[in-house]
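Subject: Structure handover

Dear colleague,

Here is the structure I said I would pass on. My notes on it follow below.

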Amino acid sequence: MVAAEDAGRTSDIAGKLGIEPGMVVQELGWDSDVDEAVRDAVEERSGDELLDEEAQEVIDVVLMWFREGDGDLVDALVDARGPLADNGVVWVLTPKTGRPGHLEPSEIAEAAPTAGLAQTSNVSVGEEWAGARLASPKQGKQRR
């Protein structure tokens, strides 16, 4: 019974992140502290393994594990935007308040516009991590 409950919870995580079957998902900033349940849920929902920073594909969703001390967030976001599809999103996943490596939400809010992104929502993705959804701003987008 516990396995079924766990499966429901992890599927919910992928749903919170907007993951759909067939999406191409890239993972940046992996380290031993990441939430494996989040990774597993995303792979299960998308139907494929997470791509790393070497990926050459057009990316639908970037999962960026980011902690205080990981470097410049603006630079990381600009790099993450490079292979992103026009309607793609970047999830900045940071340790929750009080956890080692916690990043203040204001830091994400300040970095996003500089990197050409807009923060659209926040979610809890497990006991240890919170996520901020960043996407290209709607205004100013030109159709080609």
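Val62 stands opposite Val90 in β3. This is a predicted model, in which local features need pLDDT of at least 70, side-chain atom pairs count only at pLDDT 80 or more, and totals for chains, interfaces and linings use all residues. Residues are numbered from 1 along each chain as its sequence is written, and side-chain values use heavy atoms, with hydrogens and water left out.

Sheet

The strands form an open sheet of five, in the order β1-β2-β3-β5-β4, and the pairing is mixed. Two strands count as paired if DSSP finds at least two bridges between them; strands (E, at least two residues) and helices (H or I, at least four) are DSSP runs, numbered from the N terminus. At the edges are β1 (25–28) and β4 (118–124), each of which pairs on one side only. From one strand to the next the twist averages 20°, where axes are lines fitted to C-alpha atoms, for helices over the stretch in contact, and angles run from 0 to 180 degrees between N-to-C directions.

Strand β2 (residues 59–65) runs parallel to β3 (residues 84–95), and six bridges join them. Within this pair, Trp65 is opposite Leu93 of β3. On the other pairing, β1 and β2 are also linked in the parallel sense, over four bridges, and Leu28 has Met64 of β2 as its bridge partner. The chain goes from β1 to β2 through helix α2 (residues 36–46), a β-α-β crossover that is left-handed. By contrast, β2, α3 and β3 make a right-handed β-α-β unit. Right-handed here means that, with the strands pointing away from the viewer, the path from the first strand over the helix to the second runs clockwise.

Helix α3 and the cores

Helix α3 (residues 73–81) packs on the sheet and touches β1, β2, β3 and β5 (129–135), its direction making about 145° with that of β3. A contact means heavy atoms within 4.5 Å.

The largest nonpolar core has 21 residues, and those with the most contacts inside it are Val62, Met64, Leu73, Leu77, Val90, Val92 and Leu134. Such a core is a set of buried Ala, Val, Leu, Ile, Met, Phe, Trp, Tyr and Cys residues joined through side-chain atoms within 4.5 Å; buried means under 20% relative accessible area, exposed over 50%, and partly exposed in between (1.4 Å probe, protein chains only). Helix α3 gives the largest share of this core, five residues. Not counting residues up to four places away in sequence, Leu73 touches Met64, Phe66, Val92, Leu103, Glu107, Ile108 and Ala111. Apart from this core lies another, of 20 residues, including Val25, Leu50, Leu63 and Ala135. Six of the seven residues of β2 are buried.

Leu117

Leu117 sits in the loop between α4 and β4 and is buried, with a relative accessible area of 2%. Beyond four places in sequence, Leu117 is in contact with Leu77, Arg81, Val90, Ala112, Leu134, Ala135, Ser136 and Pro137.

Confidence

The average pLDDT (the predictor's confidence in each residue, from 0 to 100) is 89, and 88% of the residues score at least 70. Over residues 1–11 the pLDDT is below 50, and this stretch has five contacts in the model beyond near neighbours in sequence. Residues 140–144 stay under 50 as well, with three contacts beyond four places in sequence.

Regards
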